[in-house]
Amino acid sequence: RSCHFSPDGTFVAVALDSGLAEVLDIASGKTMMSFGRHSGRVNSVMFAPNGKFLISGGMDGLCKVWGIQDMASAETFQGHPDTSITCIGYSADGMELVTGGADGSIKLWGGQRGKELMQFKGHADCVTACRF
C-alpha cells in the first residue's frame with residue numbers, strides 16, 4: 001500500500017494488509033520493528049523528519065503515532081471515524097500532520113498530540129495523496 005524511507009536512508013517503513021506497520025533494514029531486508037495493529041489494513045506510513053516517530057493511517061480511520069525508540073503508540077488520533085485514512089504526511093518541522101480520507105476530506109493536526117487544527121471538505125472522491 002505504502003512505503004517511506006527513514007531520514008537517514010537506512011530503513012524503509014511499509015504498510016501491510018495485516019494491520020501492521022513494519023520497519024525493514026534496507027541493507028539486509030530484515031524486519032527490524034513491527035508496530036501495533038490497526039483493525040484493518042494500513043494504507044499509509046511515514047517517518048517523522050527527525051526519524052523518532054512513525055505515523056500510520058488505516059482502514060479503521062485511525063492515525064497512530066509510534067515512538068521508534070520504545071515501539072509504543074505515542075498517540076492515536078480518531079482521524080476519519082466514518083471512513084478510512086488513505087494518506088498521511090508530516091510537515092518539514094514535524095510539528096503538524098495531515099491526513100486524507102476516503103470521504104474526500106483532509107485534516108490538519110497539531111504534532112504528536114493530535115489536536116485537529118483544521119478540516120477541508122469538498123473533494124467528490126477519495127483523497128489519494130497529501131503532502132506539505
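Analyst: M118 lies in strand 12, which covers residues 115-120; helices (H or I, at least four residues) and strands (E, at least two) are DSSP runs, numbered from the N terminus. This is a predicted model, in which local features need pLDDT of at least 70 and side-chain atom pairs count only at pLDDT 80 or more, while totals for chains, interfaces and linings use all residues. Residues are numbered from 1 along each chain as its sequence is written, and side-chain values use heavy atoms, with hydrogens and water left out.

M118 has a relative accessible area of 40%, so it is partly exposed; buried means under 20%, exposed over 50%, and partly exposed in between (1.4 Å probe, protein chains only). Together with L117 and F120, M118 makes a nonpolar surface patch of about 270 Å². Patches are made of residues with over 30% relative accessible area and no salt bridge, where like charges are joined within 9 Å and nonpolar side chains (Val, Leu, Ile, Met, Phe, Trp, Tyr) within 5 Å. The areas come from the Shrake-Rupley method with a 1.4 Å probe, and for residues, only the protein chains shown count as cover.

Now for the charged side chains. The structure holds one salt bridge, a term for a side-chain nitrogen of Lys or Arg within 4 Å of a carboxyl oxygen of Asp or Glu. E116 and K107 form it, with their closest N and O atoms 3.6 Å apart. E116 is partly exposed, at 35% relative accessible area, whereas K107 is buried, at 8%. As background, side chains of opposite charge can pair when their charged atoms come close.

Strand 10 (residues 96-101) and strand 11 (residues 106-110) run antiparallel over five bridges, and E96 stands opposite G110 in strand 11. Five bridges also pair strand 9 with strand 10 in the antiparallel sense, and here C87 faces G100 in strand 10. These two strands form a hairpin with five residues between them, and in the turn G94 has a positive phi of about 75 degrees.

Zero disulfides turn up in a search of the whole structure, a disulfide being a pair of cysteine sulfur atoms within 2.5 Å. For C3, the nearest cysteine sulfur is that of C87, 15 Å away. The closest cysteine sulfur to that of C126 is also in C87, at 7.2 Å, which is too far for a bond. C126 is partly exposed, with a relative accessible area of 31%.

How values were computed. Pairing = 2+ DSSP bridges.
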